Structures are given as structure tokens and as C-alpha cells.
Amino acid sequence: MKGEVWSQMGSLMATIVFVYTIFERFFPPHIRDRVQAYTQKLTNHFNPYVQITFPEFSGERLKRSEAYTLIQTYLSANSSKRAKRLKAEVVKDSNTPLVLSMDDNEEIGDEFEGVKLWWSANKVTTNPQRYNPFSYYGNSDEKRYYKLTFHKRYRDLITMSYIKHVLEEGKEIEMRNRQLKLYTNNPSSGWYGYKQSKWSHIVFEHPATFETLAMENKKKEEIIKDLVKFKKGKEYYAKIGKAWKRGYLLYGPPGTGKSTMIAAIANFMNYDVYDLELTAVKDNTELRKLLIETPSKSIIVIEDIDCSLDLTGQRKKKKEMSDDEEPKDPFRKNEEESNKSSKVTLSGLLNFIDGIWSSCGGERIIIFTTNYVEKLDPALIRRGRMDKHIEMSFCGYEAFKVLANNYLDVESHHLFGRIGKLLQQTHVSPADVAENLMPKSVDEDVETCLQKLIVALEMAKEEARKKAEEEEARLKEEKEKEEYAQMEDKNKDKRKEDVKGNGFH
């Protein structure tokens, strides 16, 4: 019985092949095309499945399709584990340089809200002998594309929700896997100069995190909550009619961790850092161009803003100087001469932070750092421009415990109590504490390093006491001189009155 069935199937297949051969050889092309079109229509009428293709290149194949790249990223992370045939690719600027994806002509399944669907990676080569040097693969007739197949009853769900989900998820995965970069603006090029980009970059590898940041836990949690709220605030910012950006002002004495805070924010948010050097910017127009070239999910940093160009309260003093008057400090004079090439103004910087141009692209953080917040123009740091002011203060006991854990891998010690009392009695930066905690040789153990820190804190305390005494003596001397001068003035007035009185008599 089975032999008869297979014999009949073989005869049927042979007949189909014979008829197709006769059809291809003896029927003219226009008739063949028409028959194939009707056949396809008949097949589609009975076929309940819909297919959508996503080609690798769009337009003239000069640009790779973003949708294709995001779908590839999504499938590599979510579905390619079920594929039997995979291909490996080396991806630059990624934390996972070796990426596995579906091989050509492979198919895998996926599920969305209970609906089953299928993805296939396809490659079509129509003329393998033809070579095109301008093609991405060298073969102008080789085309790759992803094909999505699903039941026609789910057309609205797939086209309106699932594809959007795939693209968004692919973008998120791409952002998580990429390597962070540290950018700096290139110096202004001359008349004949030309640069493709105004920014150059290196890989950002700073290891700082909020866990290793020397700061009180309560303050760190407050900053983290603020960052999380900002990251999830796209709809909220659109609702209140405000550009999706946030400004942070980090201020405090040198060595209190302002740069480390920036690195921790970048690693926490997974944002690139754009370190803007204002002295290298020619004018306000170029400043706007730099802003336009910074994408979303980036941090724009201007460190030591009080030392950048003529942007602080020092400009008032300059206005009061006459044109013929020379600055007394030769270093100050050289600094002014070097800044003459830059025509960036305070107004231009304010527009850069929250003007019309600041809304071109969202999800950006702007950070200023300064050692002397009192020197900054109030207009520069008002709320709305620098939304959150973060004081980076001297090292306290909680910050010390973080540093001790970082440098010595110790969470508690019998010397911690003494160190805590000394930290309350003196002002020492986290950088100074860290330097004393760091072992200088393999022979230095935890006890030695902590004792070394205690000695340094006691010396700082003694130094502070001497300075306080000197300052007190200076103020006392000034007060005595002032009292003596006032007494002398009174005596002079009295002698004058006596002389007048004697003359009158």
C-alpha cells in the first residue's frame, strides 16, 4: 500500500516538472508573467499569513537601514539563542564586541502578547559574477533582508505595536551594549581648515560609580532619585512644555570629587560625556554648532566655569578700567590676550544652556563645576539653568568609610572612632584622605594606613589651630590699631577745641 502511494507521488511530481519545463520553454514571457501573477493571487487568497520585509539598505543602498540594524540587535539579544545556525560579527564601540546573530536563510520564532510570529534572515544573489566596488558587500546584486511572518488576523497588533516594540527594544539594547565615549571639542579651524566633526573622542573608561563615590549615603540617594526621575521624564517634560534637559552645578573646594561625580553620573545613566573647552570656541555661532552636534543621552560638561573666559563677575571690574590702563598682573594680561581669540559671551552661553537652540534634541544633562560659586554671575546658575546645586564638601565620617572600603577592603576597625572625631575637628578633602589610605608598599597593612591617616589628620588639625590663632591675632591687632586710631582722632578733636577755646579767651 505504501509503495503504491510513493509510486503515485513520484509520477505526480514527474508530471509537474515536465509541465513546468514545457511552460517555461514554449510559452512567451508575457504569458508566463500573467500566469504567475494569477497563480500568486490565487495562492495569496488561500494563504492566511502576511509577510513584511525589512531590507538592509534603503534608497540607493548608500546608507544602511536603521530599522534593519535595530531588528538585528533585537533578534541577537532575544531570539537568536533558539537559532541552530549563527554567524559571529565583531562590533566596534561595544561592550560585547563579538555579536551572534542568525545566519542567512535561518528562521526563528517569537511571541508578542500571546501571538506567535516568525523572523527569517534572507539573502538573495541574482548575479554572482558581477562586482560593484561601491556595494557594501562587493556584490551589487546581493541583498539581505529580514522577513516577518504572522497571521493576517493580527495585522493591526503587529504593525502598530509589535514592530514599534522591536525597534524601541533594539535601541535600548544598543545603548546598553555600547562603549561610553569622552568627547572634546576640536580647536577652531582656520579659513582653510576643515573638519568632518567638531568633536573628537576616546573611549570613556572611568570606573567611578555611586557605590565608590565618597559622599554621605543620603545625599547620594537624593542625586540618584533625581537622575532616575529625569531619565523617565520624557512625557512629563513634554506635558509641562519644557525641553528635556537638566542642569547640575557642582561646587566646592578642590579635591572634593567633582570630576568623580561626573564620571559616576555618566556610568549610572550610560551617557557619553562631552567636555566643552570654552577657550577653544571661536564665537557664539560655533557654540551653537557644537550643541547641535551633541546627541541625546549625553552629558555636556564645563569644568571650572569661573575660570572660563569673561563669564564671571570679573567682567564688571574690567569695564571700570580705562582703555589706557594696563593690568598690573602680567599673568592676567597674558590670559586676557589668549582669550581675545574667543568671542563667546555670557549671553551666548545662557542661550546655549536654555535658549531656543537648547531644545534641539532631548535627554541631555549640562554640568558646571566651580571651586568658587560666589564668583559666578547669578544669571548663569539660577534655577531653570542649573536646576540642582550640589555642594561637594570636605570628607565626613560616612565618606571616609566608603574610601576605607574602596582602598583597604575594610568596613569597620577599632581606629574608625578616633578618625571620625578628627574629621569633625578639621577640614580635609576626600582626595587627601584617599592619598593617606592608599598603601604605598606591600608591607603596609590596614593598621599602618589608618595610623598614617590619623597622623595626617592631627597635623591638619594643628595647622588649622595655628592658622586660627594667627587669624585671631591679626584681627586683634587690626582692632587695636583701629581703636588707637579712633582714640588719636578724638585727641586731635579735643586739642582743636582747646585751641579754639584759648583763642576765644
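I started with Trp 119, which is buried, with a relative accessible area of 1% (buried means under 20%, exposed over 50%, partly exposed in between, with a 1.4 Å probe and protein chains only). I kept in mind that this is a predicted model, where local features need pLDDT of at least 70, side-chain atom pairs count only at pLDDT 80 or more, and totals for chains, interfaces and linings use all residues. Residues are numbered from 1 along each chain as its sequence is written, and side-chain values use heavy atoms, with hydrogens and water left out.

Next I looked up ring pairs: rings of Phe, Tyr and Trp (its six-membered ring) pair if their centres lie within 6.5 Å, with planes under 30 degrees apart counted as stacked, over 60 as edge-to-face and the rest as tilted. I got 14 aromatic pairs by this rule. Phe 54 and Trp 119 make a tilted pair, because their ring centres are 5.8 Å apart and their planes stand at 40 degrees. Phe 54 is buried too, at 14% relative accessible area.

I then noted that Phe 54, Tyr 68, Phe 112, Trp 119, Tyr 146 and Tyr 162 form one aromatic cluster.

I found Lys 229 over the face of Tyr 236, 6.0 Å from the ring centre. The charged end of Arg 246 sits over the ring of Tyr 248, at 5.9 Å from its centre.

Definitions and conventions:
A charge sits over a ring if NZ of Lys or CZ of Arg is within 6 Å of the ring centre and within 35 degrees of the ring normal.
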